[in-house]
Amino acid sequence: MSTQHILQTFHEWFFSPAGPGLSRIPFAAPINTENGLTALTLYRHNGFQAELVLGQTCQPYRITLPQDMEMMISFLSGSLEVSCSSWSGSISPDTPEETFNTTSPSPDFIEQPHPSREGSFLLPTDEDFTINFPQKNGILLVLSKYHTGELHSCLDHISTIEPLKYAA
């Protein structure tokens, strides 16, 4: 079997219903950037939206939701610090950077999906929710419900917080 045929078969699977389901990337505003965050809309249909959000190291963010909006965040990779009433704590990177500097990771390790480690949070609408990526850039999956006919990104509800100033 030729490489072209193998890649064509992989392409067909990738965009099929049995694949990862990325065939619903929307035409309107699929990429949004604001406050050092980038959101790629992977799915927007029938009032539901899934965005892959990439955040920068050491920049804290505040999420404030309107009363009629619901949002769920799942931690996918990097590091994360969270502060809210439902859960506060941190998730550090899986593999310290020094591991990559001293030895080459095995091919099996490189191909493994990142464990989510139960990092999903339903955001409360009655308080501010703060996040930070303290050790490595972070990757989050943000699921939200929107009203039909509206075009919003989760980034519309996220603002930067000035980094803490430490005394010398």
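User: Two strands count as paired if DSSP finds at least two bridges between them. With that in mind, how many bridges join β1 to β2?

Analyst: Happy to start there, noting that this is a predicted model. Strand β2 covers residues 37–45, and it runs antiparallel to β1. At least two bridges are needed for a pair, and the number joining β1 to β2 is four.

User: Which residue of β2 is the bridge partner of N32?

Analyst: Strand β1 spans 31–34, and β2 takes in residues 37–45. The bridge partner of N32 in β2 is A39.

User: Which strands stand at the edges of the open sheet?

Analyst: The open sheet has six strands, in the order β1-β2-β3-β10-β5-β8, with antiparallel pairing. An edge strand has a single partner, so one side of it is left without a neighbour in the sheet. That applies to β1 (31–34) and to the strand at residues 120–122, so the edge strands are β1 and β8.

User: What is the average twist from one strand to the next?

Analyst: Let's stay with the sheet whose order is β1-β2-β3-β10-β5-β8. From one strand to the next, its twist averages 20 degrees.

User: Is S144 buried or exposed?

Analyst: S144 belongs to strand β10, residues 138–145. Away from its neighbours within four places in sequence, S144 contacts G47, F48, Q49, M69, E70 and M71. The cut-off for burial is under 20% relative accessible area. S144 has 7%, so it is buried.

User: How far apart are the C-alpha atoms of S144 and G47?

Analyst: G47 is among the residues that S144 touches beyond its neighbours within four places in sequence. The two are 97 residues apart along the chain, while their C-alpha atoms are separated by 8.4 Å.

User: Zooming out, what share of contacts with a separation of 6 or more joins residues 24 or more positions apart?

Analyst: The protein chain has three helices and 11 strands, following the pattern α-β-β-β-β-β-β-β-α-α-β-β-β-β. Of its 168 residues, 30% count as buried. Among contacts with a separation of 6 or more, the share from residues 24 or more positions apart is 72%.

Notes. Residues numbered from 1 in each chain as written. Predicted model: local features only at pLDDT ≥ 70, side-chain atom pairs only at ≥ 80, totals over all residues. Heavy atoms only, no water. Helix = DSSP H or I, 4+ residues; strand = E, 2+ residues; numbered from the N terminus. Axes fitted to C-alpha atoms, helices over the stretch in contact; angles between N-to-C directions. Buried < 20%, exposed > 50% of the residue type's maximum accessible area, 1.4 Å probe, protein only. Contact = heavy atoms within 4.5 Å.
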